[in-house]
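Keep it short and grouped by topic.

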Amino acid sequence: MFITFEGIDGSGKTTQCQLLKNSLESKGFKVFMTREPGGTKIAEAIRNILLHIHEPIEAMTEVFLYCAARNEHLEKIIIPKQAEGYIVISDRFYDSTIAYQGGGRDLGIDKMKEINKLFIEKATPDLTFFIDSSLNTIEKRIENKELDRIEKEGKEFMIKVRQGYLDLIESEKNNRNFMIIEGDLEIREISNIILKRVEGLLENDRG
Ligand code: ADP
């Protein structure tokens, strides 16, 4: 099983990935948690270019770097770990490129779907949580954090990314298994909603 978490920076994805992992492990499941961009040495090196080199980058260069990291991640982690019987939980996957570069950078949702076709065909997530936290809440949560290159893009950009996610979810409502989560709730309230949904999916899988 393959579960992904999406949302704008600071929405609470990493927190919820970790809590879901802990809950599933305590129930006896084998769980592998990973993140994008990253997950392998090469993909982490690409992550470093993307997030920590504070220089303007061509939008399509950015897309291809994310996709290069994703290919490493897919072939070395996502596919093999599922084959070994792990539930794989990824903090971001190709939906991030569709929302950030498609929506945020105005490259277009459809064009980004087309460029990510290889990944979509090989590993569509069984379930994707979109954690929808308000920008005001996020601002308060990350006010003391040192911001990476994408987080520094600011509010206007993040509004477009959020819209990108909503447009993507709408366009995939007959194909994909998305769940939109109210991200301003308490951490524990959110983790309970997420766990319930995942347990439902695991039961369906068994039945
Ligand atoms: P992301 O991975 O989406 O960037 P994080 O999980 O790292 O977000 O969360 C960003 C910050 O907000 C962290 O300090 C985290 O503890 C806090 N946080 C996450 N979810 C909540 C929540 N529901 N309520 C309050 N604070 C939260």
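Phe129 is buried, because its relative accessible area is 0% and buried means under 20% relative accessible area, with exposed over 50% and partly exposed in between (1.4 Å probe, protein chains only). This is a predicted model, in which local features need pLDDT of at least 70, side-chain atom pairs count only at pLDDT 80 or more, and totals for chains, interfaces and linings use all residues. Residues are numbered from 1 along each chain as its sequence is written, and side-chain values use heavy atoms, with hydrogens and water left out.

- Phe129 lies in strand β4 (residues 127–132). Helices (H or I, at least four residues) and strands (E, at least two) are DSSP runs, numbered from the N terminus.
- Contact means heavy atoms within 4.5 Å. Not counting residues up to four places away in sequence, Phe129 touches Ile3, Thr4, Phe5, Glu6, Met179, Ile181, Ile194, Arg197 and Val198.
- Leu51 is 78 residues from Phe129 in sequence. Their C-alpha atoms are 23 Å apart in space.

- Two packed helices are described by the angle between their axes and the distance between the axes.
- Axes are lines fitted to C-alpha atoms, for helices over the stretch in contact, and angles run from 0 to 180 degrees between N-to-C directions.
- Helix α3 (residues 59–83) and helix α4 (residues 94–104) have axes that come within 10 Å. The axes cross at roughly 175°.
- The two helices, α3 and α4, are therefore roughly antiparallel to each other. The cut-offs are under 35 degrees for roughly parallel, over 145 for roughly antiparallel and 65 to 115 for roughly perpendicular, with the rest oblique.
- On the α3 side, the contact is made by Glu62, Val63, Tyr66 and Arg70. On the α4 side, Tyr94, Thr97 and Gln101 take part.
- These contact residues divide into three nonpolar, two polar and two charged. Ala, Val, Leu, Ile, Met, Phe, Trp, Tyr, Cys and Pro count as nonpolar, Asp, Glu, Lys and Arg as charged, and the others, Gly among them, as polar.
- In α4, 11 of the 11 residues are buried, so the helix is largely enclosed by the rest of the structure. Among them are Asp95, Ile98 and Tyr100.

**Aromatic rings and charges**

- Rings of Phe, Tyr and Trp (its six-membered ring) pair if their centres lie within 6.5 Å; planes under 30 degrees apart count as stacked, over 60 as edge-to-face and the rest as tilted. By this rule the count is seven aromatic pairs.
- Phe2 and Phe93 have ring centres 5.1 Å apart and planes at 75°, so the pair is edge-to-face. The pair links distant parts of the chain, 91 residues apart. Phe2 sits in strand β1 (residues 2–6), and Phe93 in the loop between β3 (87–91) and α4. Both Phe2 and Phe93 are buried.
- One aromatic cluster is formed by Tyr100, Phe130, Phe157 and Tyr165.
- A charge sits over a ring if NZ of Lys or CZ of Arg is within 6 Å of the ring centre and within 35 degrees of the ring normal. Lys30 lies over the face of Tyr86, at 4.5 Å from the ring centre. Arg70 lies over the face of Phe119, at 5.8 Å from the ring centre.

**Backbone features**

- The peptide bond from Glu36 to Pro37 is cis, with omega near -10°. Pro37 is in the loop between β2 (31–35) and α2 (41–52).
- Arg92 has a positive phi, near 85°, in a residue other than glycine. Arg92 lies in the loop between β3 and α4. Its relative accessible area is 11%, so Arg92 is buried.
- Asp106 is not a glycine, yet has a positive phi of about 65°. Asp106 lies in the loop between α4 and α5 (109–115). At 56% relative accessibility, Asp106 counts as exposed.

**Two further positions**

- Gly108 is in the loop between α4 and α5. Gly108 is partly exposed, with a relative accessible area of 26%. Leaving aside neighbours within four places in sequence, Gly108 is in contact with Gln101 and Gly102.
- Lys140 is in helix α7 (residues 135–141). Lys140 is exposed, with a relative accessible area of 62%. Lys140 and Gly10 are 130 residues apart along the chain, and their C-alpha atoms are separated by 9.6 Å.
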